[in-house]
Amino acid sequence: MEEHAEALEADLLRYYGVDLLDWHREALSSRRLAVLVRHLPPDSAFVRTREGEAAEWRLTDHLLAAVVDHLAIANWMFASANRDEYADPPEAPVPVPRPGAEAADTSDGPGEGHAPTGAELARFFG
C-alpha cells in the first residue's frame with residue numbers, strides 16, 4: 001500500500017468519500033480500510049498502478065480478443081483452402097496482443113509461418 005499511497009488516497013476519496021488521514025487519526029479502523037481497499041473497482045487508480053495493463057482487461061475484452069483471433073484464423077484458413085495452388089499462401093494472422101503476454105505462443109496454430117498442407121485442410125474440414 002505504501003508504494004501506491006497517492007493512488008489509494010485518491011480512490012478512497014473518489015469511491016467512498018473517505019480520507020486516508022482518518023486512518024492515521026484513528027477514525028478509520030485498519031479492518032475497515034482493508035475492506036475498502038480489497039473492494040476497489042478494477043478501474044480504480046490503485047488497482048491500475050498495482051496490476052498494470054492487466055487490470056484494464058475485463059472478461060469481455062478477453063472474449064472479444066478471442067473472437068477476433070478465431071475469425072482471423074477462420075478467414076486465413078478459408079483463403080488458404082481456396083487459393084490458386086500456384087499462388088503464394090496468405091500470411092498467417094497475428095493474435096491480438098493481451099496484457100501480460102510478452103510473446104504469443106503459436107507453436108500449435110497457424111502462426112507457425114507455414115501454410116497448411118492439403119491433407120491438413122482436408123482433415124480439418126472433413
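Q: Which residues of the largest nonpolar core touch the most other members?

A: In this predicted model, the core has 13 residues, and the ones touching the most other members are L8, L12, L33, V37, L40 and F46. Two or more residues of this core come from each of α1 (5-16), α3 (30-38) and α4 (45-51).

Q: Let's take one of those. What is L40 in contact with, leaving aside its neighbours within four places in sequence?

A: L40 is in contact with L8, D11, Y15, Y16, F46 and V47.

Q: Fine, where does D11 lie, then? And which side chain of opposite charge is nearest?

A: D11 lies in helix α1. D11 is buried but has no salt bridge, and the nearest side chain of opposite charge, R14, is 4.9 Å away.

Q: Moving on to α5: how do I read a helix, and which of its residues are buried?

A: The general idea first: an α-helix has 3.6 residues a turn, so residues three or four places apart point the same way. Now the case here. In α5, the buried residues are A65, D69, W76, M77 and S80, and the buried residues of α5 pack against α6 (118-125).

Q: What should the length of α5 be?

A: Helix α5 covers residues 59-81, and at 1.5 Å a residue its 23 residues should span 33 Å. Its end C-alpha atoms are 33 Å apart, so the two agree.

Q: How many salt bridges does the structure hold?

A: There are 4 salt bridges. In one of them, D69 pairs with R98, with the closest N and O atoms 2.5 Å apart. D69 is in helix α5 and R98 in the loop between α5 and α6, so the pair ties together parts that are 29 residues apart in sequence.

Q: Are the two partners buried or exposed?

A: D69 counts as buried at 12% relative accessibility, whereas R98 is partly exposed, with a relative accessible area of 24%.

Q: Which residues are linked in a network of salt bridges?

A: D19, D22 and R25 are. Within that group, D19 and R25 form a salt bridge with their closest N and O atoms 4.0 Å apart. D19 is partly exposed at 23% relative accessible area, while R25 is exposed at 52%.

Note on methods:
Residues numbered from 1 in each chain as written. Predicted model: local features only at pLDDT ≥ 70, side-chain atom pairs only at ≥ 80, totals over all residues. Heavy atoms only, no water. Core = buried A, V, L, I, M, F, W, Y, C linked by side-chain atoms within 4.5 Å. Buried < 20%, exposed > 50% of the residue type's maximum accessible area, 1.4 Å probe, protein only. Helix = DSSP H or I, 4+ residues; strand = E, 2+ residues; numbered from the N terminus. Contact = heavy atoms within 4.5 Å. Expected span 1.5 Å × (residues − 1). Lys, Arg positive; Asp, Glu negative; His and termini not counted.
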